[in-house]
Amino acid sequence: MADEVRVRFAPSPTGNLHVGGARTALFNWLYARKVGGKFILRVEDTDQGRSTLDSVLGILKGMQWLGLDWDEGPEVPGDYGPYFQSERLDHYRGYADQLMEKQLVYPCFCTPEEIARIKDEQVAAGNDPNYDGRCGCLSQDQVSKMLGSGMDYTIRFRTPDTGETILYDQIRGKVVFRNDLLEDFVIRKSDGMPTYNFAVVVDDALMNITHVIRGDDHISNTPRHILLYQALGFKLPKFFHLPMILGSDKLRLSKRHGAVSVHEFDKMGILPDAMLNYLALLGWSLDGKTEFFTRKQLIKAFSLKRVGSNPAVFDPAKLNWLNASHFMKLSVHDKVEGVYDIMYAEGMDVPDLDEDLAHQMGKIIKLYGKRIKNFPEGAWTLKPFFETYPEYLTAAVTEHLTDEPAARLQVIADRIETMEVFCAEEVEDVVREQAQEEGVEAATIIHALRVALLGCSVSPDVFKLCELMGRELVLIRIRGRQWSSDGHGLKTEI
RNA sequence: GCCGCAGUAGAGGAAUUGGCUAACUCACCACUCUUUCAAAGUGGAGAUUGCGGGUUCAAACCCCGCCUGCGGUACCA
């Protein structure tokens, strides 16, 4: 099992699971599932000020919604736990001590203010604003004395002054960093917590992570990580730096661009599989042609070799299109359930979902076909079928339900009432006959009828609609109200 | 400022990695059919591959310079 692939997603709980994080998680998960490795979820909560339990819960929920199951992590015990960094302090302390013994790190007593001043001075002198490593030159005596006095201190890593650190990134290739440009960086904060740069390295090594797949915002931190791996005598994992996901203005994706956290997409009616599919297309492609993937197909097709290196703009329109493709593949049964859930959640007036209702809803959904592209749309589409009167759109009434056609509908209603068999074909016959008798286009009656029935001017075949609504409801809608011809919708209620 | 990454139609993104007219998808436009709408049919437009040089018979691809965006330069991750 020495060669087992182990990858991880390591979010910091400072907010909900967001598109960028979800994509990173997805690529790790896909790779693990593809090669039969392990996918680990680790919570990086070393920032005591910003980490919250709510965020942890939100992230777990987001992962679960997407169906990105982890093999080790919160709620899933494993051999490498705990999986919260705040519970792994002993490890960091142990390795920090080890480095201290080897003189590879040193305590730094400078306050943040002093550091800022040092850097300002350096800038003023025309140098790079790097910490000058002065505490690294303190004598043993001085150090013990200051330590004894109970002063706050951080621990800094002594970076080499010469040479280069080379990252062989599996996506970008060779990236060279000059060591003299790296300042002695902090590995432990004065509150005793490790910094990110230290904790990732210790944890990735201890958890036997073989492939580090993360956002490319970490690429500049990687030389620090490599130096730490070397200092600690750990074996280097393979690094993959994924391109960023940007907003429409090519700026880092944020709330300004609309929905960014996965639960918002859930609320919009995006299906988890569609979200996964779309996210996969951001930075990865199979052949540039295939765009639709089920979860299974994605696992099968995915390859880190086909991950690109240029940032991608998040396009909600394409997400919606892809979502509709996934939605269309759903069974009627699934659509009914999803639509019902939303109707219920939205407080629409629906009876309990029994077999009859499911059957009825299924028929409507089938009739609407591709017009319904997601659950919320379905809910709003079905709503009028469960009310006495729909909401009448003024524009629709004004256009199609003026006095004349409205009057014609009353005649139609009378004929509908007396017809022997109430069905689509019969209603259509009646409407067409009526149109012919009055010498008008059937379309004008059809349009009027549609608006009378639904309140809007868009729907599938009206006659089939009638059949689904049932004679009683159709009559109520035609006769129950009068419409104002001045364009202001309803005039009176009878 | 310094260091790093990236730049192919509006967006995603292909191009056997030096070789045909730079694919394909979304978005957009037009026309058609219809009972309105539609992811229904048909067609269309949109790219000096960021810019400028160079190497070559041949450059999206290699070399040099520049520009732009982003990231790092934190006791954030």
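**RNA surface.** I began with the protein residues around RNA strand B in this predicted model. I find 68 residues surrounding RNA strand B, and the closest are Lys119, Lys189, Ala324, Met328 and Arg450. Sorted by class, this surface holds 26 charged, 22 nonpolar and 20 polar residues.

**Contributing elements.** I then looked up which helices and strands supply the surface near RNA strand B. At least two residues each come from α4 (112-124), β4 (154-157), β6 (173-178), β11 (312-313), α11 (316-328), α18 (442-454) and α19 (462-469). I record α11 as giving the most, with six residues.

Asp47 places a polar side-chain atom 2.9 Å from a sugar or linking oxygen of RNA strand B. For Glu291, the distance to a sugar or linking oxygen is 2.6 Å. Ser190 instead reaches a base oxygen, with a polar side-chain atom at 2.6 Å.

**Cysteines.** I searched the whole structure for disulfides and found zero. I note Cys108 as buried, at 1% relative accessibility, and Cys135 as buried, at 7%.

**Domains.** I list four assigned domains in chain A: domain 1 (6-77 + 245-317), domain 2 (88-242), domain 3 (333-386) and domain 4 (394-493). Taken over C-alpha atoms, the centres of domain 1 and domain 4 are 49 Å apart.

Definitions and conventions
Residues are numbered from 1 along each chain as its sequence is written. Chains are lettered from A and ligands numbered from 1 in the order in which they are written. This is a predicted model: local features need pLDDT of at least 70, side-chain atom pairs count only at pLDDT 80 or more; totals for chains, interfaces and linings use all residues. Side-chain values use heavy atoms; hydrogens and water are left out. Domain bounds come from an automatic or database domain assignment. A disulfide is a pair of cysteine sulfur atoms within 2.5 Å. Buried means under 20% relative accessible area, exposed over 50%, partly exposed in between (1.4 Å probe, protein chains only). A residue is near a molecule or strand if one of its heavy atoms lies within 4 Å of it. A polar contact is a pair of N or O atoms within 3.5 Å; within protein, one must be able to donate a hydrogen and the other to accept it, and residues adjacent in sequence count only if both atoms are side-chain atoms. Helices (H or I, at least four residues) and strands (E, at least two) are DSSP runs, numbered from the N terminus. Ala, Val, Leu, Ile, Met, Phe, Trp, Tyr, Cys and Pro count as nonpolar, Asp, Glu, Lys and Arg as charged, and the others, Gly among them, as polar.
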